[in-house]
Amino acid sequence: MLQNPVIYRKGTSQRYQTPRLLKRNTETAMIRIYNTLTKTKEEFQPVRQGKVGMYLCGPTVYKPSHIGHMVGPVIFDTIKRYLTYCGYDVTFVINITDVDDKLIAESNLRKIPMSDVAEEMTADYMRNLDAMGVLENINHFPKATEYMPHIIEFTQSLIDKGIAYASDGDVYFDVTKFRDYGKLSHRSLEQMLGEGGLTAEQKRSPCDFALWKAAKPGEPAWDSPWGKGRPGWHIECSVMSGCLLGETFDIHGGGLDLVFPHHENEIAQSEARYDKPMAKYWMHNGLMQASNEVGKVGGRNTHEAQSGDFESQEAGKISKSKGAGAFREMLKRFAPENIRFFLLSSHYRRPIDFSEERIRQVGTGLETFYRFFKRYARITGENFHDIPPAAVRKEGDLISSGGDPLLQQAAELRAKYLETMDDDFNTGGAVGILFDLLRLLNKFADEQKLEENAETLQISTLKQGAGILRELSATLGMFLKPPQTVSGNEELVQKLMGLLVELRLAARKSKDFATADKIRNDLATLGITLEDRPGGTEWSMK
Ligand SMILES: [Zn+2]
């Protein structure tokens, strides 16, 4: 087993120095992050040395997750993995919005309490994050309903400062009292006021937004100094990020559609209260949009488009109403690693063109790695997945023992990979370099005919090269475990089940309940359960 797959050179006179830890990256490499606030790439300097606080706006849990809900978590999970590899201690928070108009509507529709809807959909979200390898990396999942006393206290403090006002049981933030309003979305208040917007009689200005909403009869409500009600959406993020990460933290993330009004309002709330910056770096991932297939995934707002970049992405967004199905169903057709690789194959700030065909193409690329892992096992008698990935990044020039050309080229690719990831976490570029490295290793095995007759030195060289592949791919959260592919058989099962569900539905429509029941009961004896849900029939296997 390889402990240190590479050898580092301190100076030319110490060419064959044994592996050793040189300076940690936090002192040497420079990571640059594109900050929406300044519209530039800035050098990453955390608030507290060696530590990073990262907050990502999570889902409103009223429907099962779709692939759009996985984009942010996979991207920011990768950013955490990379920062951790670079020596930082990262605290990663994703919030859960478990009280909201959509949740109330769903609870009324299904005639079950709002908390039951939230619980069911949160569990679905967690299972999906787990499948994607993200769950283990998230430190806190705060829920809005668990922070009611903090939310009320925060709102009261803004009233006390004269920045918010109560009106008819609602509480509004007065945007004219916060000088920097519009700094994230780069719009002036005059411009926004000129555009008009929703006018409510209780508001002083159309741009004021709700911190607290009075409850209508029958709605879930909490006691407050302003009467029974519930929080607005934006306030929970200001409260929970402050409680868990501090008044100023490092990275605030979210989809591009959250820049305005959600993040603009978070900034207004937090900075008006604490008189200090809320977050140093505001990072926004591109939205997933329909490619040639109908539909869009992601997004939670129905507000108007704000910028050219955003508009173009918003127009093509995929949504449940346009056909993007539950993510757990997608997991029956695609291995999680295939989906993860697909999400990381482009730059996080670009829109992701969604189509199942594209995921399949990415899966074909993934197969070339899996074939190499088998080849590696045949040649070395060891498993690629048993190579321990480097826990912490090491700097320095990498050379091979004996100046092997393979390892010199692999070292160059490694340096290029790190440079690419240091440049605003360009995972798309990094994936391309992994393919270059894979080609290099395969070429070496071909040319040296390693499967026929490999010498110890050649095997050792291959192992060192594969060690670099292991080290780098782990920073993307890739190839951590042996592949779990969806086999051809499983695809067939999927199609056959679709057929049976269709036949049962047809039988029920023609009132042939005996046949419909037989299908359900016979499947049950095989351990397959059918569940009729509002969106159609779903099946699961024990
Ligand atoms: Zn938020």
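This is a predicted model: local features need pLDDT of at least 70, side-chain atom pairs count only at pLDDT 80 or more; totals for chains, interfaces and linings use all residues.
1. **The antiparallel sheet.** Four strands make up an open sheet, ordered S6-S7-S8-S9, with antiparallel pairing. Strand S6 (164–167) and strand S9 (229–231) are the edges; each has a single partner strand, so one side of each lacks a neighbour in the sheet. On average, neighbouring strands are turned by 20 degrees against each other, direction ignored.

2. **S6 with S7, and the helix on the sheet.** S6 and strand S7 (residues 170–173) run antiparallel and are joined by four bridges. Within S7, Tyr-172 stands opposite Tyr-165. Helix H5 (residues 148–160) packs on this sheet and touches S6, S7, strand S8 (209–214) and S9. The direction of H5 makes about 105 degrees with that of S6.

3. **The parallel sheet.** A further open sheet has four strands in the order S5-S4-S10-S11, and here the pairing is parallel. Strand S5 (89–94) and strand S11 (279–285) are its edge strands, each pairing on one side only. From one strand to the next, the twist averages 20 degrees.

4. **S10 with S11, and H7 on the sheet.** Six bridges link strand S10 (residues 249–255) to S11 in the parallel sense. Phe-249 has Ala-279 in S11 as its bridge partner. H7 packs on the sheet and touches strand S4 (51–56), S5 and S10. Its direction makes about 155 degrees with that of S5.

5. **H7 against H8.** Helix H7 (residues 233–245) packs on helix H8 (residues 259–274) at about 55 degrees, the axes being 9 Å apart. That angle makes H7 oblique to H8. The crossing is right-handed. H7 contributes Trp-233, His-234, Ile-235, Cys-237, Ser-238 and Gly-242 to the contact, while H8 contributes His-262, Asn-265, Glu-266, Gln-269 and Ser-270. By class, the contact has three nonpolar, seven polar and one charged.

6. **H14 against H15.** Helix H14 (residues 427–447) and helix H15 (residues 456–475) meet at an angle of about 165 degrees, with axes 10 Å apart. H14 is therefore roughly antiparallel to H15. Their crossing is left-handed. From H14 the contact takes Leu-434, Leu-437, Leu-438, Leu-441, Phe-444 and Ala-445. H15 supplies Leu-462, Gly-465, Ala-466, Ile-468, Leu-469, Leu-472 and Ser-473. Eleven of these residues are nonpolar, two are polar and none is charged.

7. **H11, an enclosed helix.** How many of the nine residues of helix H11 (residues 336–344) are buried? Nine of the nine are, so H11 is largely enclosed by the rest of the structure. The buried residues include Glu-337 and Arg-340, along with Phe-341 and Phe-342. Among the elements covering them are helix H2 (68–85), helix H4 (114–131), helix H10 (327–333), strand S13 (352–354), H12 and H14.

8. **Gly-363.** This residue is found in helix H12 (residues 356–380). Asn-338 is one of the buried residues of H11. Gly-363 and Glu-337 are 26 residues apart in sequence, and their C-alpha atoms are 8.7 Å apart in space.

How values were computed
Residues are numbered from 1 along each chain as its sequence is written. Two strands pair if DSSP finds at least two bridges between them. Helices (H or I, at least four residues) and strands (E, at least two) are DSSP runs, numbered from the N terminus. Axes are lines fitted to C-alpha atoms, for helices over the stretch in contact, and angles run from 0 to 180 degrees between N-to-C directions. Two residues are in contact if their C-beta atoms, placed from the backbone, lie within 7 Å. Angles under 35 degrees count as roughly parallel, over 145 as roughly antiparallel, 65 to 115 as roughly perpendicular and the rest as oblique. A crossing is left-handed if the near helix is turned anticlockwise from the far one by less than a right angle, and right-handed if clockwise. Ala, Val, Leu, Ile, Met, Phe, Trp, Tyr, Cys and Pro count as nonpolar, Asp, Glu, Lys and Arg as charged, and the others, Gly among them, as polar. A residue is buried if 20 or more other C-beta atoms lie within 10 Å of its own, exposed if 12 or fewer, and partly exposed in between; C-beta atoms are placed from the backbone.
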